[in-house]
Amino acid sequence: MDCLFCSIVNGDIPSKKIYEDDAVYAFYDIDPQAPFHAIIIPKTHISSANEINSENSFLIARVFEAAAKIAKENNLDSGYRIVNNCGNDGGQTVGHIHFHLLARRNLQWPPG
Ligand code: 5GP
Ligand code: ZN
């Protein structure tokens, strides 16, 4: 399967690693939208939030466990935002589920 983030996980495409464990990989976004912008993904391919089910939802829990570790390790003490874009209207451009962790600026709400 031709998947950009699977290629990042297996090292075929280089990335700047932030965090890794047996289930999760996190790296810096190539086009950061905040001073700290991580992409956190399950290593297993899930194409979008719409494909989460009872078999794979534990991987999403692992992503959020990793996010809390990343926040602590990087001293994101004043907060952060975790974003998942799903499908065309959600603005998803890469078909491997991923969570943006944005920090170190005051983020506006609602988003555009
Ligand atoms: P989406 O728009 O699907 O929610 O987010 C995809 C994100 O992946 C974008 O923020 C984009 O900048 C990032 N991205 C796309 N290609 C690459 C890449 O090759 N390397 C890295 N590090 N980030 C990428
Ligand atoms: Zn993939």
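How many aromatic pairs does the structure hold? Before I answer, a word on conventions: this is a predicted model, in which local features need pLDDT of at least 70 and side-chain atom pairs count only at pLDDT 80 or more, while totals for chains, interfaces and linings use all residues. Residues are numbered from 1 along each chain as its sequence is written, chains are lettered from A and ligands numbered from 1 in the order in which they are written, and side-chain values use heavy atoms, with hydrogens and water left out.

The structure holds four aromatic pairs, where rings of Phe, Tyr and Trp (its six-membered ring) pair if their centres lie within 6.5 Å, and planes under 30 degrees apart count as stacked, over 60 as edge-to-face and the rest as tilted. Tyrosine 25 and phenylalanine 27 have ring centres 5.7 Å apart and planes at 25°, so this pair is stacked. Tyrosine 25 is buried at 7% relative accessible area, and phenylalanine 27 is buried at 5%; here buried means under 20% relative accessible area, exposed over 50%, and partly exposed in between, with a 1.4 Å probe and protein chains only. Another pair, phenylalanine 64 with phenylalanine 99, is edge-to-face, with 5.4 Å from centre to centre and 70° between the planes. That pair links distant parts of the chain, since phenylalanine 64 sits in helix α2 (residues 57-73) and phenylalanine 99 in strand β5 (residues 99-103), 35 residues apart. Helices (H or I, at least four residues) and strands (E, at least two) are DSSP runs, numbered from the N terminus. Of these two rings, phenylalanine 64 is partly exposed at 40%, whereas phenylalanine 99 is buried at 6%.

Strand β1 (residues 17-20) and strand β2 (residues 24-28) run antiparallel and are joined by three bridges, two strands being paired if DSSP finds at least two bridges between them. β1 and β2 form a hairpin, with three residues between them.

Cysteine 3 is buried at 5% relative accessibility, and cysteine 6 is buried at 19%.
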